[in-house]
Amino acid sequence: MSESITSVLAQRPLGLVFDIDGTLSPIAPTPDAARLYPGAAEYLRQASRFAHVGIITGRAVADGARIVNVEGLTYVGTHGLEWCQGLPSTHEIELIPEAVPYAQPGQELLDLAEKELVPQIPGLIVQRKSVGGTLHYRLASDPEQARTKILATLKEPAARLHMHLDEGKRAVEILAPLTINKGKALRRFVEHFRLKGVIFAGDDRTDLYGLLEIERLRQDGYAAHGIAVQHADTPPALLEHADSVVHGVEAMVDTLQQMTIAIGEEKE
Ligand SMILES: O=P(O)(O)OC[C@H]1O[C@H](O[C@H]2O[C@H](CO)[C@@H](O)[C@H](O)[C@H]2O)[C@H](O)[C@@H](O)[C@@H]1O
């Protein structure tokens, strides 16, 4: 582990914050098939004895928590719009008030996708969230053609409904046009727990907001470190703004294990 990570891990209160897909869970053919890398849940559980552990994901909270399924973590879903201070089976999910007006327009776009795109693109998966959702074209016979078709079909209706389109891994995201993102969520997490040190890890476009917030937190005097999990399709900007890079989910979970051991030793 780098000296920079070690020095952040010595801070208390400490926060450890992770994305799910591509970070703790290998990319799978469908969203439902994704699983945490072996050992990851146990390391998160152990880490949560000594640090505030957060999951900040593009998935809905209920979906992300179903995959991670560790009690005592903070689950932040739908790119920062939903919060839950534990598993949703025992804790209430809070939808941030600014997002509420965009629930209906998001549903309309997803209805349109089901009506117009699903019949034309075999393999397209429509994933609904409390606000917006994701269209997964990974299983389409020609993914690039599917992507073009989805964006062309939704561009005008999205503008009319004041919704925002973004892209993830083989996926088009339908988002509320809010300035809330994973970076804002990370800042709120840090302030909520009055953290002195924080580590954030992610692998995709939307995780860039998290890495940029790590830079701002450091400028504001926090001990902060950003990790990019590199895959073949990792956006270059993510690598430029990361303080360290690990190669793939297995290496990320190995780093999580080392961090867990280090903070356990620090405590004793
Ligand atoms: O912020 P994340 O936790 O990384 O969530 C981003 C999106 O991840 C999921 O989709 C991605 O992973 C799937 C399973 O590995 C894969 O099949 C898909 O192609 C990827 O785009 C999730 O389903 C989305 O809701 C998230 O927005």
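**Starting from a helix**

Modeller: Let's begin with α3, where six of the eight residues are buried, so the helix is largely enclosed by the rest of the structure. Keep in mind that this is a predicted model.

Colleague: Which residues of α3 are the buried ones?
Modeller: They are Val61, Asp63, Gly64, Ala65, Ile67 and Val68.

Colleague: And what do the buried residues of α3 pack against?
Modeller: They pack against α2, β2 (52–56), β3 and β4.

Colleague: What follows α3?
Modeller: Asn69 does, and its phi is positive, near 50°. Asn69 is not a glycine, yet it has that positive phi. It sits in the loop between α3 (61–68) and β3 (74–77).

Colleague: Why does Asn69 count as partly exposed?
Modeller: Because 14 other C-beta atoms lie within 10 Å of Asn69. A residue needs 20 or more to be buried, and 12 or fewer to be exposed.

Colleague: Where is His79, then?
Modeller: His79 lies in the loop between β3 and β4 (82–84). His79 also has a positive phi, near 55°, and is a residue other than glycine.

Colleague: Is His79 buried or exposed?
Modeller: Buried, because His79 has 26 C-beta neighbours inside 10 Å.

Colleague: Let's step back. How many helices and strands are there in the protein?
Modeller: Nine helices and twelve strands.

Colleague: What radius of gyration does the protein have?
Modeller: It is 18 Å. A compact globule of 268 residues would have a value near 18 Å, so the two agree. The C-alpha atoms fill a box of roughly 60 × 35 × 35 Å along the principal axes.

Colleague: What share of the residues is buried?
Modeller: Buried residues make up 47% of the 268.

Colleague: What domains does the assignment give?
Modeller: It gives domain 1 (3–96 + 180–267) and domain 2 (100–175). Domain 1 is written as two stretches of the chain. The contact between the domains takes 16 residues from domain 1 and 14 residues from domain 2.

Colleague: What kinds of residues are on the domain 1 side?
Modeller: Where domain 1 touches domain 2, there are six nonpolar, six polar and four charged residues.

Colleague: What separates the centres of the two domains?
Modeller: The separation is 26 Å, taken over C-alpha atoms.

Colleague: Now the ligand. How many residues are around it?
Modeller: There are 24. Ile20, Asp21, Pro31, Thr57 and Gly58 come nearest.

Colleague: What is the make-up of that shell?
Modeller: It divides into seven nonpolar, nine polar and eight charged residues.

Colleague: Which domains does the shell draw on?
Modeller: Domain 1 and domain 2 each give at least three residues. Among the strands, β7 (133–136) and β9 (171–175) each supply at least two residues of the shell.

Colleague: What about Thr30, where does that sit?
Modeller: Thr30 is in the loop between β1 and α2 (40–47). Thr30 counts as exposed, because it has 12 C-beta neighbours inside 10 Å. Thr30 and His136 are 106 residues apart in sequence, with their C-alpha atoms 7.9 Å apart in space.

Colleague: Changing topic: where is the cis peptide bond around Pro13?
Modeller: It runs from Arg12 to Pro13, with omega near -5°. Pro13 is in the loop between α1 and β1.

Colleague: What about Gln11?
Modeller: Gln11 is in the loop between α1 (3–9) and β1 (14–18). Gln11 is partly exposed, with 19 other C-beta atoms within 10 Å.

Colleague: Which residues does Gln11 touch?
Modeller: Leaving out residues up to four places away in sequence, Gln11 touches Lys196, Gly197 and Ala223. Gln11 and Lys196 are 185 residues apart along the chain, yet their C-alpha atoms are separated by 5.9 Å.

Colleague: Last one: what are the confidence scores?
Modeller: The mean pLDDT is 97, and 99% of the residues reach 70 or more. The model scores ipTM 0.98 and pTM 0.96.

Definitions and conventions: Residues numbered from 1 in each chain as written. Predicted model: local features only at pLDDT ≥ 70, side-chain atom pairs only at ≥ 80, totals over all residues. Helix = DSSP H or I, 4+ residues; strand = E, 2+ residues; numbered from the N terminus. Rg over C-alpha atoms; globule rule 2.2 N^0.38 Å. Near = placed C-beta within 6 Å. Nonpolar A, V, L, I, M, F, W, Y, C, P; charged D, E, K, R; others polar. Domains from an automatic or database assignment. Contact = placed C-beta atoms within 7 Å. pLDDT = per-residue confidence, 0-100.
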